[in-house]
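Dear colleague,

Please find the structure below, handed over for your records. I would be grateful if you would read the notes that follow alongside it.

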Amino acid sequence: KPSTGNLPLDSGHNTKNELKHEKVHILFGSHTGNSESLAIDLHSKVKDLGIDAVISDMASFKTRELKGIKKLAIIVSTHGLGEPPVQAEDFYRYLHSNKAPNLAHLQFSVLSLGDSSYIDFCQTGKDFDTVLEKLGAQRIVPREDCDVDYAEQAEAWQSTFLSAVVQTNGQTSPVKAENIPDNPANKSQYSRNNLFEATILEKINLNGQGSSKETVHLELDLEGSGIKYEPGDALGVYGSNSHELVESVLHTTKLAGEKEVETYEGTKTLHDALTYNYELTPLSRNTLSGYAELTDNKGLKKILEDKIALQEYLSGRDFLDLINEVPYELTSDELISILRKNTPRMYSIASAQDVVDEEVHLLVSVVRYSALGRNKEGHCSSTLADRLDIGDKVKVFVDRNTRFKLPKNPEVPIIMVGPGTGVAPFRAFMQQREVLDKKGPSWLFFGDRNFTTDFLYQTEWQQYLKEGVLTKADVAFSRDQDQKHYVQHRMLENGKELYEWLEKGAHFYVCGDAKKMAKDVDVALKQIIQQQGGITIEKAEEYVKNLQIANRYQADIY
Ligand code: 2AM
């Protein structure tokens with residue numbers, strides 16, 4: 001049975017309560033647990049209004065129940081690549097299949113979470129919204145598409161949804177939604193709504209000289225913040241734009257940096273607003289579309305109509321490229337109105353508090369490339385690498401990930417696949433297990449380009465192996481020989497043993513690149529199960545599906 005965390009699931013058969021209102025059903029499809037915590041919050045708010053409510057994750061929801069549901073709230077996140085979270089896959093497919101029922105009796109609204117730096121922003125939420133309407137259901141309040149910093153928008157949607165629920169029941173008491181709860185175990189005053197400024201204690205480039213990569217290990221001080229996190233959680237970090245990029249934008253737009261502008265954080269100079277409050281890189285779809293409207297440029301509008309052309313256009317471009325290519329005299333207010341609000345980047349935490357106490361460690365891959373004749377860099381990774389030093393402060397918050405967690409029982413075996421920065425949460429896992437007397441076996445698959453320069457945390461893994469905290473480690477250095485060696489090749493070579501671990505109840509974790517690596521690892525896993533289990537590929541897929549449902553296959557991929 002799928003786990004719903006610590007959530008007491010309402011049976012839906014509560015006949016003792018004679019409520020005159022229609023019951024509200026809340027369905028969530030969570031990727032990292034944000035949709036889940038918003039759903040839990042909505043559930044309690046509906047109940048506070050004296051209205052019966054049922055909450056369920058999409059994976060364990062029985063679709064035949066749809067017939068009896070009158071009011072439905074869907075809270076769902078979109079995977080970075082525009083796909084539904086694993087938890088939502090089956091329900092998503094069902095609604096889009098020819099088995100989907102007529103839903104004329106149903107009123108609904110969708111709250112979707114996503115990241116607007118991806119082209120398929122909130123696609124899963126949009127799809128649910130469209131398909132429910134197509135099946136005859138009526139929208140009670142419009143869908144809300146939330147960006148990474150979702151708190152405000154989610155609160156606004158919740159408030160309108162609750163008002164509508166009350167009104168459609170013939171009751172008109174005003175409804176006020178309070179703040180979205182943060183981590184319930186976290187008694188800290190700091191949250192994504194009240195950022196903590198952490199001091200950088202340590203900063204080391206882990207790659208050796210001559211490496212083609214730059215991967216920075218950071219230690220941040222949380223002292224006095226009361227902030228708590230668990231292995232598997234991520235840290236939201238706010239970056240800034242480089243002085244050169246801001247100056248170039250000011251130069252091209254011929255706007256004065258000293259001019260005062262109204263930002264979402266009050267009045268600031270344009271220079272500061274462009275440095276700290278808005279994003280200039282990468283170019284976002286919304287910024288492009290805002291600029292296309294302002295300039296009324298036919299070429300840009302055409303690009304925006306075609307997904308492939310858009311993807312290609314946005315790739316490697318930043319705002320400076322755009323204003324150089326399509327000149328237009330922007331006012332400072334226009335400029336600010338089309339730029340993306342500074343949005344945090346999420347980094348998987350690389351430490352456990354049982355070991356590092358009031359610190360948090362991160363592993364950050366520094367993004368640098370050259371495109372359209374200029375050197376470019378990642379907004380946040382270059383802030384951490386170039387613009388902040390030991391002793392400087394950076395704004396952070398903990399982003400809980402309830403869907404990437406060590407097994408509750410520390411004796412359960414774990415298999416960890418984490419090439420590149422994907423290894424970060426596994427360092428946290430090992431720290432967490434290091435302090436325990438009894439612990440189960442653990443197996444790490446790590447990969448990177450070159451052994452001599454890119455073996456991240458090499459001595460720590462060796463120490464963990466020696467101490468028996470880590471049972472096995474297999475590494476794949478892709479560029480030390482002519483042929484590519486990847487983590488999935490190491491998995492396949494060890495197929496027999498890996499399958500034995502799974503059969504013994506091991507949890508399987510994968511962290512890192514979503515576009516290729518995690519997909520290839522998934523294919524390898526299925527192949528191993530098929531071969532070693534002597535079953536068909538369909539049965540192997542079912543085996544993997546069951547691992548997912550049992551929360552024994554967890555992915556933190558980006
Ligand atoms: P490459 O850069 O030589 O292709 C961490 O980035 C490591 O993951 C690198 O060794 C990188 O290899 C490797 N990698 C790239 N694509 C991968 C894939 N599809 N599956 C597994 N590892 C991959």
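The notes below cover salt bridges, a surface patch, a helix pair and some backbone features.

This is a predicted model, in which local features need pLDDT of at least 70 and side-chain atom pairs count only at pLDDT 80 or more, while totals for chains, interfaces and linings use all residues. Residues are numbered from 1 along each chain as its sequence is written, and side-chain values use heavy atoms, with hydrogens and water left out.

Salt bridges

A salt bridge is taken as a side-chain nitrogen of Lys or Arg within 4 Å of a carboxyl oxygen of Asp or Glu. The count by this rule is 39 salt bridges. Helices (H or I, at least four residues) and strands (E, at least two) are DSSP runs, numbered from the N terminus. Buried means under 20% relative accessible area, exposed over 50%, and partly exposed in between (1.4 Å probe, protein chains only).

Glu-22 and Lys-71 form a salt bridge through their side chains, at 2.6 Å from N to O. Glu-22 belongs to the segment before strand E1 (24-29) and Lys-71 to strand E3 (residues 71-77), so that distant parts of the chain, 49 residues apart, are linked. Glu-22 is partly exposed at 29% relative accessibility, whereas Lys-71 is buried at 0%.

A salt bridge also joins Asp-149 and Lys-341, with 3.6 Å between the closest N and O atoms. Because Asp-149 lies in the loop between strand E6 (144-146) and helix H4 (151-167) and Lys-341 in strand E13 (residues 340-341), the pair ties together parts 192 residues apart in sequence. Asp-149 is partly exposed, at 21% relative accessibility, and Lys-341 is partly exposed at 35%.

In the salt bridge between Glu-279 and Arg-340, the closest N and O atoms are 3.3 Å apart. Glu-279 in strand E12 (residues 278-279) and Arg-340 in strand E13 are 61 residues apart, and the pair links distant parts of the chain. Both Glu-279 and Arg-340 are buried. A network of salt bridges links Asp-115, Asp-147, Glu-279, Arg-340 and Arg-345.

Helix pair

The axes of helix H19 (residues 517-533) and helix H20 (residues 537-549) come within 8 Å and cross at roughly 115 degrees. Here axes are lines fitted to C-alpha atoms, for helices over the stretch in contact, and angles run from 0 to 180 degrees between N-to-C directions. With contact meaning heavy atoms within 4.5 Å, Asp-522, Leu-525, Lys-526, Ile-529 and Gln-530 in H19 meet Ile-537, Ala-540, Glu-541, Tyr-543 and Val-544 in H20.

Backbone features

Most residues other than glycine have a negative phi, and most peptide bonds are trans. Thr-281 and Pro-282 are joined by a cis peptide bond, with omega about -5 degrees; Pro-282 is in the loop between E12 and helix H7 (285-295). Cys-122, which is not a glycine, has a positive phi of about 55 degrees. Cys-122 is placed in the loop between strand E4 (107-113) and helix H3 (123-134) and is buried, at 1% relative accessible area. Asn-551, also not a glycine, has a positive phi of about 60 degrees. The loop between H20 and strand E23 (553-557) holds Asn-551, which is buried at 16% relative accessible area.

Surface patch

Val-355, Val-435 and Leu-436 form a nonpolar surface patch with about 200 Å² of accessible area together. Patches are made of residues with over 30% relative accessible area and no salt bridge, with like charges joined within 9 Å and nonpolar side chains (Val, Leu, Ile, Met, Phe, Trp, Tyr) within 5 Å. Accessible areas come from the Shrake-Rupley method with a 1.4 Å probe, and for residues only the protein chains shown count as cover.

Yours sincerely
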